Amino acid sequence: MNKPIYMDYAATTYTKPEVLEEMIPYFTEFYGNPSSVYSISRETKKALDKARMRVAKAINADPNEIYFTGGGSEADNWAIKGIAFAHQNKGNHIITTKIEHHAVLHACEYLEKHGFEVTYLDVDDEGVIRIEDLKNAIKENTILVTIMMANNEIGSIQAVKEIGEICRERKIFFHTDAVQAVGHIPVDVKEMNIDLLSLAAHKFYGPKGVGALYIKKGIKIHNLVHGGGQEKNRRAGTENVAGIVGLGKAIELAVDNMEEHNKTLTYLRDKLMNGLLEIPHTRLNGPKGEKRLPGNVNVCFRFIEGESVLLMLDAMGICASSGSACTSGSLDPSHVLLSIGLPHEIAHGSLRLSLGDGTTEEEVDYVLKTVPSIVQRLRDMSPLYDDFMNKGEN
């Protein structure tokens, strides 16, 4: 291949040309502060309103329920800390899962240091919670359940609607980290009984550094960022107008093209997945079929290190990852893979390939041609594999 093959769309996507085109005037022509009163500022205020309507339409919310943030991590932190501190007079118990993004897990750990109790639910071997476990974990002092809609590493999709129904019945707030879901699978906050939802533009071909938090009308929540009166007095700081414009355009494009795009993506995903599983001693992480994100493939190769696979793939022009981009510098195996029951030695051999709009069948074929030889080369250098073969184990 003459150009790099990008298969790390779960980490970030490129910004689509039509998104960038709509953003550019707000860097150069309509650069006024939306909080000012003159004409060029009125134009930027209109742009914010339009983006807010686009986001709301994409998730079936009201525009007044959309608040722009600096990204998905900020939205997660705001939702979790904001609800916890606003309702600590009613209770101090929070429920989440062991496979959440670190923006959620670290926010919960922070709250534990401030007098809150957190229950971390186990998941099954496909990365899905057991509904009975959630029901059994609820206490009289439970005020918040925060469970991601789709996992960033293994692509597992949770039964969000059912989770939301349980929370609604028990009068518990339900937040979902939908950063990997929005723009990729249908999301309806009303139908799914969602009270708060986090999203990020750069996961669906918008710019980095901008996201949003959906807060259902009437919910009391403490502010995370203090200062001016932006975002209806809930999120201080001069708005990233160009980024917000890009978010609005990107989410509109993603939702409009979702069904047709996902047909192609699912075909390529399954071809890649099935081809990789032909490599001996390879394990699929996460579910198959509709319970998995259309563009997600995650496997473990026994007897080798995933980081070595990544370096050799990079040398062959293939961009991939071994898990979350936020922890790519860590030497520890993925907390998600450990949570689905994999031992350390197998979890270390993980490879995540995530597909997107730019992925072609030719690229999938190239990866399927390249990966087996890399895996075999690394196994030939592995004393674990040598010992395994000498023992003649299966």
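**Legends for close-up views**

**View 1. Cover over helix α5.** The buried residues of α5 are covered by elements that include α4 (72–86), β3, β4, β5, β6 and α12 (335–339). The model is predicted, with local features requiring pLDDT of at least 70 and side-chain atom pairs pLDDT 80 or more, while totals for chains, interfaces and linings use all residues. Residues are numbered from 1 along each chain as its sequence is written, and side-chain values use heavy atoms, leaving out hydrogens and water. Helices (H or I, at least four residues) and strands (E, at least two) are DSSP runs numbered from the N terminus. Contact means heavy atoms within 4.5 Å. Buried means under 20% relative accessible area, exposed over 50%, and partly exposed in between, with a 1.4 Å probe and protein chains only. Ala103, Val104, Leu105, Ala107, Cys108 and Leu111 are the buried residues in α5.

View 2. Seven strands, with mixed pairing, form an open sheet in the order β2-β8-β7-β6-β5-β3-β4. At the edges are β2 (66–69) and β4 (117–121), each of which pairs on one side only. From one strand to the next, the twist averages 20°. Two strands pair if DSSP finds at least two bridges between them. Axes are lines fitted to C-alpha atoms, for helices over the stretch in contact, and angles run from 0 to 180 degrees between N-to-C directions. Helix α5 (residues 102–112) lies across β3 (93–97), β4, β5 (142–146) and β6 (173–177), and runs at about 150° to β4. Helix α7 (residues 160–170) lies across β5 and β6, at about 160° to β6.

View 3. Over four bridges, β2 pairs with strand β8 (residues 211–215) in the antiparallel sense. Opposite Phe68 stands Ala212 in β8. The pairing of β3 with β4 is parallel, over five bridges, and Tyr120 in β4 is the bridge partner of Thr96. Because five of the five residues of β3 are buried, β3 is largely enclosed by the rest of the structure. From β3, His93, Ile95 and Thr97 point one way, and Ile94 and Thr96 point the other way.

**View 4. Helix α11 against helix α14.** The axes of α11 (residues 306–315) and α14 (residues 361–380) come within 10 Å and cross at roughly 130°. This angle makes α11 oblique to α14; under 35 degrees counts as roughly parallel, over 145 as roughly antiparallel, 65 to 115 as roughly perpendicular and the rest as oblique. In α11, Ser308, Val309, Met312 and Leu313 meet Thr370, Val371, Ile374, Arg377 and Leu378 in α14. By class, this contact of α11 with α14 has six nonpolar, two polar and one charged residues. Ala, Val, Leu, Ile, Met, Phe, Trp, Tyr, Cys and Pro count as nonpolar, Asp, Glu, Lys and Arg as charged, and the others, Gly among them, as polar. Gly306, Val309, Leu310, Met312 and Leu313 are the buried residues of α11, and they pack against β11 (318–319), β12 (350–354) and α14.

**View 5. Helix α10 alongside helix α14.** The axes of α10 (residues 258–276) and α14 come within 10 Å and cross at roughly 10°. This makes α10 roughly parallel to α14. From α10, the contact involves Tyr267, Leu268, Lys271, Leu272, Gly275 and Leu276, and from α14 Glu361, Val364, Asp365, Val367, Leu368 and Val371. Its classes are eight nonpolar, one polar and three charged residues.
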